Amino acid sequence: MEQMLICLSLALIAGLLMSRAAKAVRLPAVTAYLLTGLLMGPFFLGRLGLSRFGFGFGSLAAVEGYGILTQVALGFIAFVIGNEFRLSALKHMGRRAVTVGVAQAVITTALVDIALVALHFARPDVISLASAITLGSIAAATAPAATLMVVKQYKADGPLTKLLLMVVAIDDAVGLVLFSASYGVANALEQGRIDPVSVVLEPLLEIALSLALGAAAGYLLNLLEVYFHSRSKRMSLSVAFVLLTVGLSMTKFEINGTRCGFSLLLVCMMTGTVFCNVCPTSDELMDRLDRWVSPINILFFVLSGAELDLTILTNPMVLLIGVVYIVARSAGKISGSYLSCRATSCSPAIQKYLGITLLPQAGVALGMAATAAELSDGHMVRNVVLFSVLVYELVGPTLTKISLVAAGEIRPEGRTSARVENQPEAPVELS
């Protein structure tokens, strides 16, 4: 236990110090946290054998031991993103957000499928048809965590930022459906049969159950929140509900042979959405909660960086497929966003920059890759996704920042400080 606490504290301190260095070269703080995790991971500092003293992570298994922390962080991130789905915003941007979210995901999947299927026919020994189709659906997923961190750090605000946060949230639902359908087809190619339950019913059921659970949790949070008047107790209640929804979203069960589960991101996002729309004091509470979870978010990215497996860089076939995957996915996100934004009459700035801000990819894609491990060459799928995550997580936040600056939604950086000198207290007379 003491090793775990020392390791987490040092990881947090190192991440904060690295963010200072990143600021000097105008890189987003999230990139600094990822690099910190990479340096403290099993391929750098972890190799020195100091992990038993709390210095660095000795192995990938040790990093995975902190999995509950990353799940909790994702829960808070999704809860905060739910704040963007206010009815006032949905009336103006809801149709566009859904159209763009679905269209760019489908176009991305199609382009990656075409590229990897072509690679399969050119080199069938490199990648199977089943894995090519599965990777195409994984490409649709976008990482909401890195995007939100960049937006929060630079206080980005404007039409592009608002649409971006809606689209990355919608991506989870769209990506889940695309992956389930593609993975079902991939299994059919390998086993010779199609299971309509796993292809159609289970993903739709997961989305419906997740939204229902999140809506119930958000409504219940609003009912209980009125009984507390102090800010600290209301914030504590919100934290408790996020932890509750994270825990409930991990449960799985079966109904008449149909596997049922929940999407953590969808559950927590829906909780935040319902709560923010029915609670008249949600703005102030969400702002306080966002400050409170800042250390957890930093540790989430440090752990994400430590999880990056650098051994995949020694496999030339993984690098080949990874490059094709990254190029095709980037083309799909950029072109898909441009075409769908143009079709919905979005501004030229949104048409030009939205696709670039959707490039980061991480946790959701890795979860899909873990499921795809059951394919005959599922290890190849996992390694390709790991390689793409390594590239996208290190480069994506910077590209997101550059795009938001170019769109005029991030103010030019300057030297700021929240430090305030203590003021002398007036003497107290006791007589």
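Ground rules before going on. This is a predicted model, in which local features need pLDDT of at least 70 and side-chain atom pairs count only at pLDDT 80 or more, while totals for chains, interfaces and linings use all residues. Residues are numbered from 1 along each chain as its sequence is written, and side-chain values use heavy atoms, with hydrogens and water left out.

**Helix 5, length.** I noted residues 87-122 for helix 5, 36 residues in total. From first C-alpha to last, helix 5 reaches 50 Å, close to the 52 Å expected at 1.5 Å a residue. The expected span is 1.5 Å times one less than the number of residues. Helices here are DSSP runs (H or I, at least four residues), numbered from the N terminus.

**Helix 4 on helix 13.** I looked up residues 67-81 (helix 4) against residues 294-306 (helix 13): they pack at about 125°, axes 9 Å apart. Axes are lines fitted to C-alpha atoms over the stretch in contact, and angles run from 0 to 180 degrees between N-to-C directions. The crossing is left-handed, meaning the near helix is turned anticlockwise from the far one by less than a right angle (clockwise is right-handed). Contact means heavy atoms within 4.5 Å. On the helix 4 side I listed Leu 69, Thr 70, Ala 73, Leu 74, Phe 76 and Ile 77, which meet Ile 296, Asn 297, Leu 299, Phe 300 and Leu 303 of helix 13. By class that is 9 nonpolar, 2 polar and no charged.

**Helix 4 on helix 10.** Here the axes come within 9 Å and cross at roughly 115°, in a right-handed crossing. Gln 71, Val 72, Gly 75, Phe 76 and Phe 79 of helix 4 touch Val 239, Val 242, Leu 243 and Val 246 of helix 10. I count this contact as 7 nonpolar, 2 polar and no charged, with Gly falling under polar.

**Helix 7 on helix 17.** The angle is about 45° and the axes are 10 Å apart, therefore oblique. This crossing is right-handed. Among the residues in contact are Val 150 and Tyr 154 of helix 7, and Glu 393 and Lys 401 of helix 17. The classes are 6 nonpolar, 1 polar and 2 charged.

Most residues other than glycine have a negative phi. Arg 26 has a positive one of about 60°, in the loop between helix 1 and helix 2. Ser 345 has a positive phi near 60°, in the loop between helix 14 and helix 15.

Conventions:
Helices (H or I, at least four residues) and strands (E, at least two) are DSSP runs, numbered from the N terminus. Angles under 35 degrees count as roughly parallel, over 145 as roughly antiparallel, 65 to 115 as roughly perpendicular and the rest as oblique.
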